[in-house]
Protein chains: 2
Amino acid sequence: MGVQPGDVVEIVKDGVTYRGTVLPRTEEIPDNVLVIKLKNGYNIGIKITPEAEIRIIAKGEPPKKYKAPVKVVKREDLPTAAIVATGGTIASRVDYKTGGVVAEFTAEDFLLSFPEIAELANLRLKQVSNIFSEDMMPEYWVKIAEGVGEVIKKGVDGVVITHGTDTMHYTAAFLSFALRNAPVPIVLVGAQRSSDRPSSDAAINLMNAINVAVNSDLAGTFIVMHETMSDDWTTIHPGTRARKMHTSRRDTFKTIGDRPVGRSLVLARGGRIVEKTIEIWRDEFRRRGQEGFRVDAKINPNVFLLKSVPGLRKDIFERILMEHDGVIIEGTGLGHVRQELIPSIAEATESGVFVGITPQPLFGRVHPHVYSTAVKMVSVGAVYLEDMLPETALVKLMWSLGHSKDRERVKEIMLTNYAGEITERSRPNAFW
Amino acid sequence: MGVQPGDVVEIVKDGVTYRGTVLPRTEEIPDNVLVIKLKNGYNIGIKITPEAEIRIIAKGEPPKKYKAPVKVVKREDLPTAAIVATGGTIASRVDYKTGGVVAEFTAEDFLLSFPEIAELANLRLKQVSNIFSEDMMPEYWVKIAEGVGEVIKKGVDGVVITHGTDTMHYTAAFLSFALRNAPVPIVLVGAQRSSDRPSSDAAINLMNAINVAVNSDLAGTFIVMHETMSDDWTTIHPGTRARKMHTSRRDTFKTIGDRPVGRSLVLARGGRIVEKTIEIWRDEFRRRGQEGFRVDAKINPNVFLLKSVPGLRKDIFERILMEHDGVIIEGTGLGHVRQELIPSIAEATESGVFVGITPQPLFGRVHPHVYSTAVKMVSVGAVYLEDMLPETALVKLMWSLGHSKDRERVKEIMLTNYAGEITERSRPNAFW
């Protein structure tokens, strides 16, 4: 069609004018479709019919291929971000064998689509895995933690981890515990729509993640994703209190039972960053530069997350308890199981199994003293984990059991607030 | 103190004047505490110190003891509600042995505290159980369904089921499926604070549940509970899409992924009903008087609800699948499990186990065609259950398996929308 990647074009079709930067072709894009990046950061695919008119507004340089790890043309005036790539939709494309999306996009491909980010920071890339987040396993968390540890020790202003959204909150929880006293922000980011699709949220999430990583005074592990359905603000969630709450919406992540850490806005126009803003609402996370950083990623993943539901078989319940080193129960209401099951908890705790109770309603605090059921559960050794989210408790228990086999010591670790996973006082307004 | 239950009193203490109706004593109330019902419907306990002043404004009749089943002085101008009591906080009091709350309040005690409801409807009481809802089991659901069936067949204008809040949504889901073509509203109601405590939400929830049961043109199963933290409006939730979302707040129930059915307001002043309003927002539930009512409570409870989480052991996953007749998986994101686990699903479905996939994020729809993982899961027989809530899917699968052993027939039942459990189109705004 006479255009090259990097060219700024105007396409007039059916009375609509689209203006944007031509993106490189990939083999999945049909020959008659041109993908351009609009001013708002979105990629859009336009079918070029005979009536369509294409005007080249400015000839561009095609974005360069990157090799990982590599430094882009280094600008002394810019901070440095490490991008730790793990896979996920933010770096994925359609597999025409199954028709689904697969995680085969490389770190190089992925940077190619987002030329603006070179204006935000000098980048160091590190690929630690290339999988969908549903395939994430505790051993990968350890690899990610070690990878982040390495880049931090080399010296960076912030770390961005690209990750599938499915289990991003589990990984974020692990890193919150494993990266002790991190001196910089470690920001997990992903996309709900793959980056080779029109209307992907990848670009905006990524720009904001980098913005928070290099420009905020935060330190610790966070998630940065769309705040609403609109492509403007993104929310900074604490790593231990975020949860994926919608299967498909781009504002799927929510901070549960507490206030988000803040928000970030980065606006790009014509491939240039024209605005970047950060608002921080929670001062306790402003601790960039803190000392004593170390990676403490010891883990025992033999833990089960069990939802207490009507009809749960006693024999199955017993076996799940006895075959793991720890079980996190999503208790109903204030943290209950059917009273008939309490003797099984007694048996398990006597054998040294750690049994932790978390809120099935997700919001609010479990409470061991309001109802007789809970009073009995505590008397047989169940540990009520305050307002810790079930998913976070699962991850923290793996980490705690990696540090001690002693149930009392594990209990002490579980009930110590390391990274905002337990709030001192519930915020009644942190709800709907 | 010279006052009798039913007296309207003013108590002046520390400069504050409390005005309300004296409630009967129960053995748990300390001798120096007087419990009065305030104008707003709340009960409050006031410690009577030597400085406190008590004035009797009007001598009252103590509320009469009821016996179940019993008709109160029948008023021809009022509709009739059946109250089916099952237990729970709405009918509970403190156990001074353990310090927790126990479900020992009888239907008689319970009516005693709410004299206003006699102005809303003639009542028929039926106690089917007296347990906390964490102890609810599928066999109790069947008893409740049969109990409701009996009272409906005798002829009532509406049914109110008092129930613990912990698992109220599971019971509501079951009744939504088991009470086919119900001709009247069946309203589940509970309380987050026990009715013998000051600031209980029991009275307001109960009045509104009765209002909706007898005065609305709805039919089917609903939950009526506080809309906000304030004591005014209550929300009418569809029985298949409600979820307890907070451990302690009185507005704990939320309609997930759809619009609530409507709302109800009943205001009582000085023991009299001064206002009752109902707003209905969803016309498809306006079907009072529909024909063909029957109780269809066949059930096979051998079903497990499994949350797919990182680190889930393959051997445990396999065993859970193989030892149940059906398993509902809370898949991550659009409905995924770790790809390594897919062969175990294949093995289970080949043995006739039904495997249904629901959204772990709770909001939104699972989708079998976006990612290759899901495409593979479908190819081995996993059934994607649209936007059905995991808890509702668990209950519906028990009900479906009670009707057929044939996996194809069960799939057909599961994918048929019986009571709003599957929406045709997601409502993107039915979120946060």
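## A tour of the two chains

Start by selecting strand 17 (residues 262–269) of chain A together with strand 18 of chain A: the two pair in the antiparallel sense, over 8 bridges. Zoom in on Arg263(A) and you will find its bridge partner in strand 18 of chain A, Glu279(A). Keep in mind as you go that this is a predicted model.

**Widen to the whole sheet**

In chain A, 8 strands form an open sheet with mixed pairing, in the order 9-6-10-12-13-14-17-18. Strand 9 (122–127) and strand 18 (272–280) of chain A are the edge strands; each has a single partner strand, so one side of each is left without a neighbour in the sheet.

Select helix 2 (residues 138–154) of chain A next. Which strands does helix 2 of chain A lie across? They are strand 6 (80–85), strand 9, strand 10 (158–162) and strand 12 (185–189) of chain A, and the helix runs at about 160° to strand 6 of chain A. Then show helix 3 (residues 168–178) of chain A, which packs on the sheet and touches strand 12 and strand 13 (220–226) of chain A. The direction of helix 3 of chain A makes about 155° with that of strand 13 of chain A.

**Step back to chain A**

You are looking at 9 helices and 23 strands. Of the 432 residues in chain A, 56% are buried. Among the contacts in chain A with a separation of 6 or more, 71% join residues 24 or more positions apart.

**Look into the core**

Show the nonpolar side chains now. The largest nonpolar core has 222 residues, and those with the most contacts inside it are Val159, Val187 and Ile210 of chain A and Val159, Val187 and Ile210 of chain B. For a close look, centre on Val159(B): leaving aside neighbours within four places in sequence, its contacts include Ala82(B), Val84(B), Val148(B), Ile186(B), Val187(B) and Ala213(B). Another core, of 8 residues, lies apart from the largest one, with Ile11(A), Val22(A), Val35(A) and Ile36(A) among its members.

**Visit a sheet in chain B**

Move to chain B and select strands 20 to 23. These 4 strands form an open sheet in the order 20-21-22-23, with parallel pairing. Strand 20 (303–307) and strand 23 (383–384) of chain B stand at the edges with a single partner strand each, so one side of each is left without a neighbour in the sheet. Between them, strand 21 (residues 326–331) and strand 22 (residues 354–359) of chain B pair in the parallel sense over 6 bridges.

**Finish where the chains meet**

Show both chains together. A rotation of 180°, with 0.0 Å of shift along its axis, superposes chain A on chain B (RMSD 0.1 Å). That is the relation of a two-fold axis. To find the axis, pick Trp432(A): of the residues of chain A, its C-alpha comes closest, at 3.0 Å. The same surface serves both copies, as 100% of the contact residues of chain A recur in chain B.

How many residues does each chain bring to the contact? Chain A gives 62 residues and chain B gives 62 residues. On the side of chain A that touches chain B, strand 8 (101–102), strand 20 (303–307), helix 7 (372–379) and helix 8 (390–403) of chain A each supply at least two residues. Colour that side by class and you will see 31 nonpolar, 19 polar and 12 charged residues.

Conventions:
Residues are numbered from 1 along each chain as its sequence is written. Chains are lettered from A and ligands numbered from 1 in the order in which they are written. This is a predicted model: local features need pLDDT of at least 70, side-chain atom pairs count only at pLDDT 80 or more; totals for chains, interfaces and linings use all residues. Two residues are in contact if their C-beta atoms, placed from the backbone, lie within 7 Å. Ala, Val, Leu, Ile, Met, Phe, Trp, Tyr, Cys and Pro count as nonpolar, Asp, Glu, Lys and Arg as charged, and the others, Gly among them, as polar. A residue is buried if 20 or more other C-beta atoms lie within 10 Å of its own, exposed if 12 or fewer, and partly exposed in between; C-beta atoms are placed from the backbone. Two strands pair if DSSP finds at least two bridges between them. Copies are superposed by least squares on the C-alpha atoms of residues with pLDDT of at least 70 in both. A nonpolar core is a set of buried Ala, Val, Leu, Ile, Met, Phe, Trp, Tyr and Cys residues joined through C-beta atoms within 7 Å. Axes are lines fitted to C-alpha atoms, for helices over the stretch in contact, and angles run from 0 to 180 degrees between N-to-C directions.
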